[in-house]
Amino acid sequence: MRALQDALTFCDELADEESGVTVPRWILAAARDLVIERIEKGKTVGKGKHGNDSAVYFDHQKHLLRYLRVRALMNTGVTLEDAYQPASEGLKGTSAEGGEDTIRTSYKKVQKALKDPKEAMRLYPYRGFVVD
């Protein structure tokens, strides 16, 4: 684990467009595997809802799914305000279900997160995430 951290730090310090230095595949693979393991096993790093990597990840995914449902409705011509209720109905029985206010809150959270690259990174779906 420490070697991976050192390798990532080293690559981060050297890699830029001008130098042409890229991150070796073994480092990317190890980092990816570590992230997947933490998501699948839900390593606890603190107390409460946000102390578990897996719980935090799936919380972000719920917000993303709600956002995507609203956007899909808007793409059919439904206005934003009119999209929350049918989005709520369409997500009933899934892990992302929630009332109209919950859908609205999630939509706003994702919309805000997408404006910040660091926050937006948390919204990319993991290949093992499945909607119920």
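A residue is called buried here when its relative accessible area is under 20%, exposed when it is over 50%, and partly exposed in between, with a 1.4 Å probe and protein chains only. The model is predicted, so local features need pLDDT of at least 70 and side-chain atom pairs count only at pLDDT 80 or more, while totals for chains, interfaces and linings use all residues. Residues are numbered from 1 along each chain as its sequence is written, and side-chain values use heavy atoms, leaving out hydrogens and water.

Of the 132 residues, 30% are buried.

Next, select Tyr-67, which is buried with a relative accessible area of 12%, and then Tyr-107, likewise buried, at 1%. Rings of Phe, Tyr and Trp (its six-membered ring) pair if their centres lie within 6.5 Å, and planes under 30 degrees apart count as stacked, over 60 as edge-to-face and the rest as tilted. This pair links Tyr-84 in helix α4 to Tyr-107 in helix α5, 23 residues apart. Together, Tyr-67, Tyr-84 and Tyr-107 form one aromatic cluster.

Finally, select helix α4 (residues 80-90), whose buried residues are Ala-83, Tyr-84, Ala-87 and Ser-88. These residues lie on the same side of α4, because they cover an arc of only 130° around the axis, taken from the directions from the helix axis to the C-beta atoms.

Conventions:
Helices (H or I, at least four residues) and strands (E, at least two) are DSSP runs, numbered from the N terminus.
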